[in-house]
Amino acid sequence: MKAYVFPGQGAQFSGMGKDLYDNVPKAAAMFEQANQILGFCITDLMFAGSDADLKQTKVTQPAIFLHSVILACSLPDFRPQMVAGHSLGEFSALVAAGAMNFEDGLRLVAARAMAMQKACEREPSTMAAVLGMDDNKVEEICASVNGVVVAANYNCSGQLVISGAVKAVEEACEKLKAAGAKRALLLPVSGAFHSPLMEPARVELEAAIQATILNTPICPVYQNVDAKPYTDPESIKKNLIAQLTAPVCWKQTVQNMVADGLTTCVELGPGNVLQGLVKKIAPEVTTEGKQAL
């Protein structure tokens, strides 16, 4: 079985999507529609913006979403048997699989980006990558720290991202290194994504998600919160709302897709991070990536 997977924040690069805009009329029309919906020319920033431009939360998330979704819509042979997305990428997966329309998906992603940015500004917070330690041990050490610090991204065995208040994350990193982690390093992010500190963003986004019409997708969508496949629109909404404060169960998602018959995994959009993670989790799966037609 073939799955398409969609990347999350951090995969952006200057020039992303330009090949589609220049060569696919349908794609160009979708990009122009996105400029109107967002109220600014995101295409200028995607095609020629600096790294600093693309790191703005209000730009990063819609840009990655647009590149991924418009590419999926441009593929003549896009017939997924299963889909999944990493964090932000879950919105791309849902639109690509027909669970929500392009316009609603973009509006939700833009609202998500702004809600997360506001939550980040409430309290100094960050994330850190922990390498070379068992997940259970990382969880145990985080639980021993005063303050908010939790497991946020289960990326693959031996690679877990923690998230929380700056002081708590820094303390956890020191404890993790002392306990034998190969590395525990702070990430250049603006806040504690997928942690309890995103609760204000979750509350803000809940109303927008509840007001959005969702359809039954054309294939199962494996969602971040529990790595299980869903096709029921109400269940999908519930999981999307929970996603902001819950960890991304990516390792478990790939394992579940493999158990359900996954043989080929195609990453759509910027970067190749998910291909690398899939290879580490399930070496037997054939992986490929597309950034253009």
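1. Ser 87 sits in the loop that links strand 2 (82-85) to helix 6 (89-96), where helices (H or I, at least four residues) and strands (E, at least two) are DSSP runs numbered from the N terminus. Its phi is near 60 degrees, which is a positive value in a residue other than glycine. Most residues other than glycine have a negative phi. Ser 87 counts as buried because its relative accessibility is 12%, the term buried meaning under 20% relative accessible area, with exposed over 50% and partly exposed in between (1.4 Å probe, protein chains only).

2. On provenance, this is a predicted model, in which local features need pLDDT of at least 70 and side-chain atom pairs count only at pLDDT 80 or more, while totals for chains, interfaces and linings use all residues. Residues are numbered from 1 along each chain as its sequence is written, and side-chain values use heavy atoms, with hydrogens and water left out.

3. His 194 belongs to the loop between strand 6 and helix 10, and at 4% relative accessibility His 194 counts as buried.

4. The open sheet consists of four strands in the order 4-5-3-6, with antiparallel pairing; two strands are taken to pair if DSSP finds at least two bridges between them. Strand 4 (149-156) and strand 6 (183-186) are the edge strands, each of which pairs on one side only. On average, neighbouring strands of this sheet are turned by 25 degrees against each other, direction ignored. Strand 3 (residues 125-131) pairs with strand 5 (residues 159-165) in the antiparallel sense over seven bridges, and Ala 128 has Ile 162 in strand 5 as its bridge partner.

5. Two helices lie across strands of this region. Helix 9 (residues 166-178) lies across strand 3, strand 4, strand 5 and strand 6, and runs at about 145 degrees to strand 5, angles being taken from 0 to 180 degrees between N-to-C directions of axes fitted to C-alpha atoms, for helices over the stretch in contact. Helix 13 (residues 273-281) lies across strand 4 and strand 5, running at about 80 degrees to strand 4.

6. Helix 13 is also approached by helix 12 (residues 250-259), the two axes coming within 10 Å and crossing at roughly 65 degrees. The contact (heavy atoms within 4.5 Å) involves Trp 250, Lys 251, Val 254 and Gln 255 of helix 12, together with Leu 274, Leu 277, Val 278 and Ile 281 of helix 13.

7. The axes of helix 7 (residues 102-122) and helix 10 (residues 199-210) come within 8 Å and cross at roughly 160 degrees. Helix 7 is therefore roughly antiparallel to helix 10, a description used for angles over 145 degrees, whereas those under 35 count as roughly parallel, 65 to 115 as roughly perpendicular and the rest as oblique. Among the residues of helix 7 that meet helix 10 are Leu 108, Ala 111 and Arg 112, and the helix 10 side includes Pro 200, Glu 204 and Ile 209.

8. Leu 66 lies in helix 5 (residues 57-74) and, at 0% relative accessibility, counts as buried. Leaving aside neighbours within four places in sequence, Leu 66 is in contact with Phe 31, Ala 34, Ile 42, Met 46, Leu 71, Phe 102 and Leu 106.
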